[in-house]
Amino acid sequence: MRMRFRTLLGEPMLHFLLIGIGLFAAYQWMAPGDSSGRIVITQGVVDDLVTQHVAAKGREPSSTDLNHLIESYVRDEILYREGVRLGLDRDDIVVKRRVRQKIEMIAEEDASTRAPTDADLSAYLTANQARFVQPAILTFEQVFIAASTSGPGVVQAVAVTRAALRTGADPEELGKPTLLPHRMTRTPADLVARDFGASFAAALDKVPLGEWIGPIDSSFGAHYVRVSDRTPAVAPQLEAVRDQVVREWENERRQRARNDAYTKMRGEYQVSIETERATERR
């Protein structure tokens with residue numbers, strides 16, 4: 001029996017088997033994030049926990065706080081690993097969306113290595129001028145004369161309103177009752193468009209100043225209107241809207257970075273769409 005045991009111990013295959021078992025056990029014990037049940041709290045993890053606590057509480061964590069933070073981290077890690085072990089991460093739209101957001105954030109950060117130059121911003125402002133135009137400023141009065149925008153009733157209402165105004169009637173006492181303001185003073189055209197509709201605001205940009213004009217159609221019906229003051233829309237210089245241009249330029253760069261990263265990754269996949277009617281390969 002002893003001879004057989006000694007002979008067995010001298011077998012090279014046994015040596016390789018024992019070495020393999022030892023290496024596997026060592027890997028299982030040392031590898032972080034595996035299924036061995038070992039969780040490593042590195043100094044980097046602790047530093048991140050402290051940073052998050054300071055950002056949330058405005059102070060350094062106490063020893064008790066830090067112990068709670070670490071225990072909470074361990075709890076999250078254990079529950080996450082158990083969820084992955086059970087396959088709960090598969091086909092979960094919330095998990096997929098969160099991973100997608102992280103990938104897109106990485107792409108955005110890779111693209112944000114330099115600040116825009118004045119040349120970049122000037123070119124962007126020129127190409128997207130409509131976004132930054134300062135709207136016309138309007139001061140006007142309006143009389144709501146009809147809920148419809150055409151027909152004999154509108155023509156008659158205009159005539160009645162015109163005649164009343166010529167005799168000195170108060171505009172606020174004329175027309176049909178409405179919750180719309182009778183007068184707007186120094187109001188940007190985009191806010192006028194918000195309240196009355198885009199076509200109404202556009203019409204006020206063209207009518208003669210100081211004259212009662214109508215009917216002018218809004219989203220609500222027909223109006224009799226007098227514009228008393230108008231500051232034309234202007235295309236601003238870069239310095240006047242620099243912060244806004246920088247913000248829009250950065251947003252577009254991030255979007256472009258996300259799209260470019262996805263296009264590159266998309267080229268590495270073949271997508272098969274299988275339905276009851278057809279199978280499409282892309």
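Helix α4 is followed by G87, whose phi is positive, near 80 degrees, where helices (H or I, at least four residues) and strands (E, at least two) are DSSP runs numbered from the N terminus. The model is a predicted one, in which local features need pLDDT of at least 70 and side-chain atom pairs count only at pLDDT 80 or more, while totals for chains, interfaces and linings use all residues. Residues are numbered from 1 along each chain as its sequence is written, and side-chain values use heavy atoms, with hydrogens and water left out.

The mean pLDDT of the chain, that is, the predictor's confidence in each residue on a scale from 0 to 100, is 82, and 83% of the residues reach 70 or more. Over residues 1–5 the pLDDT is below 50, and beyond near neighbours in sequence this stretch has zero contacts in the model, a contact meaning heavy atoms within 4.5 Å. Residues 13–35 also have pLDDT below 50, with 14 contacts beyond near neighbours in sequence.

Within α4, V74, E77, R81 and G83 are buried, buried meaning under 20% relative accessible area, exposed over 50%, and partly exposed in between, with a 1.4 Å probe and protein chains only.

Helix α3 (residues 43–57) carries its buried residues V45, V46, L49, V50 and H53 on the same side, because they cover an arc of only 135 degrees around the axis, the arc being that of the directions from the helix axis to the C-beta atoms. On the other side of α3, Q43, T51, Q52 and A55 are exposed. The cover over the buried residues of α3 includes α4 (63–85), and α3 is followed by G58, whose phi is positive, near 80 degrees.

W212 has R226 of β4 as its bridge partner, and in the hairpin, which has four residues between the strands, G221 takes a positive phi near 155 degrees.

Q142 lies in strand β1 (residues 137–146) and is buried, with a relative accessible area of 1%. Beyond residues up to four places away in sequence, Q142 touches T178, L180, P181, H182, F196, H223, Y224 and V225. The side chains of Q142 and H223 are joined by a polar contact of 2.7 Å, a polar contact being a pair of N or O atoms within 3.5 Å, of which, within protein, one must be able to donate a hydrogen and the other to accept it, and residues adjacent in sequence count only if both atoms are side-chain atoms.

Key
Two strands pair if DSSP finds at least two bridges between them.
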